[in-house]
Amino acid sequence: MHHERFEAVTLKEYDLITRARIRAKDAQVAARRVLNQELGVLVSHAFHNPRKMPDFTKAAGRKGRGKTDPAQELEQLRAGLMNMHFESKKGP
C-alpha cells in the first residue's frame with residue numbers, strides 16, 4: 001500500500017492507518033504467543049503428569065478493571081476497527 005495510490009488520504013491519515021495496522025498485527029502475534037505457551041503447558045502436563053494438569057476453565061478472571069486511559073482505549077478501538085476494515089477488504 002503506497003500513499004500515492006490514495007490521493008484523497010493525507011499523509012497524516014496514511015500514517016495513522018499504517019501505525020494502527022502494525023499495532024493490531026503486534027497484538028495478534030502477542031495473543032497467539034500466549035495461546036501457544038498455554039498449549040505447551042497443557043501438552044507437557046498431558047505427557048509427563050496428567051493428574052496435575054491445570055484446569056483453565058476454573059481460572060479466575062480479572063477481579064476488576066484498573067485505571068484506564070480513555071484516550072488509549074479510543075486509540076485501541078480505532079485500531080481494531082481499522083484492522084477489521086482492512087481484513088474485510090482482503091481478497092480470497
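Accessible areas here come from the Shrake-Rupley method with a 1.4 Å probe, and for residues only the protein chains shown count as cover.

**View 1. The whole chain, seen as surface and secondary structure.** This is a predicted model, where local features need pLDDT of at least 70, side-chain atom pairs count only at pLDDT 80 or more, and totals for chains, interfaces and linings use all residues. Residues are numbered from 1 along each chain as its sequence is written, and side-chain values use heavy atoms, with hydrogens and water left out. The protein chain exposes about 8500 Å², and carbon and sulfur atoms supply 57% of that. Of its 92 residues, 8% are buried (under 20% relative accessible area; exposed is over 50%, partly exposed in between, again with a 1.4 Å probe and protein chains only). For secondary structure you get two helices and zero strands (DSSP runs numbered from the N terminus: H or I of at least four residues for helices, E of at least two for strands).

**View 2. Where H1 crosses H2.** Helix H1 (residues 11–48) packs on H2 at an angle of about 90°, and the axes sit 9 Å apart (axes are lines fitted to C-alpha atoms, for helices over the stretch in contact, and angles run from 0 to 180 degrees between N-to-C directions). That angle makes H1 roughly perpendicular to H2 (65 to 115 degrees; under 35 is roughly parallel, over 145 roughly antiparallel, and the rest oblique). On the H1 side, the contact is made by Leu16, Ile17, Ala20, Arg21, Arg23 and Ala24; H2 brings Glu75, Ala79, Met82, Asn83 and Phe86 (contact means heavy atoms within 4.5 Å).

View 3. Glu75 forms a salt bridge with Arg23, with the closest N and O atoms 3.3 Å apart (a side-chain nitrogen of Lys or Arg within 4 Å of a carboxyl oxygen of Asp or Glu). This pair links distant parts of the chain, with Glu75 in helix H2 and Arg23 in helix H1, 52 residues apart. Glu75 is partly exposed at 40% relative accessible area, and Arg23 is partly exposed at 37%.

**View 4. A salt bridge within H1.** A search of the whole structure turns up two salt bridges, and one of them joins the side chains of Arg19 and Asp15 at 2.9 Å, N to O. Both residues lie in helix H1, four residues apart, or about one turn of the helix. Arg19 counts as partly exposed at 48%, as does Asp15 at 31%.

**View 5. A nonpolar patch.** Leu74, Leu77, Leu81 and Met84 make a nonpolar surface patch of about 410 Å² (residues with over 30% relative accessible area and no salt bridge; nonpolar side chains, meaning Val, Leu, Ile, Met, Phe, Trp and Tyr, are joined within 5 Å, like charges within 9 Å). Met84 is found in helix H2 (residues 70–89) and, at 57% relative accessibility, counts as exposed.
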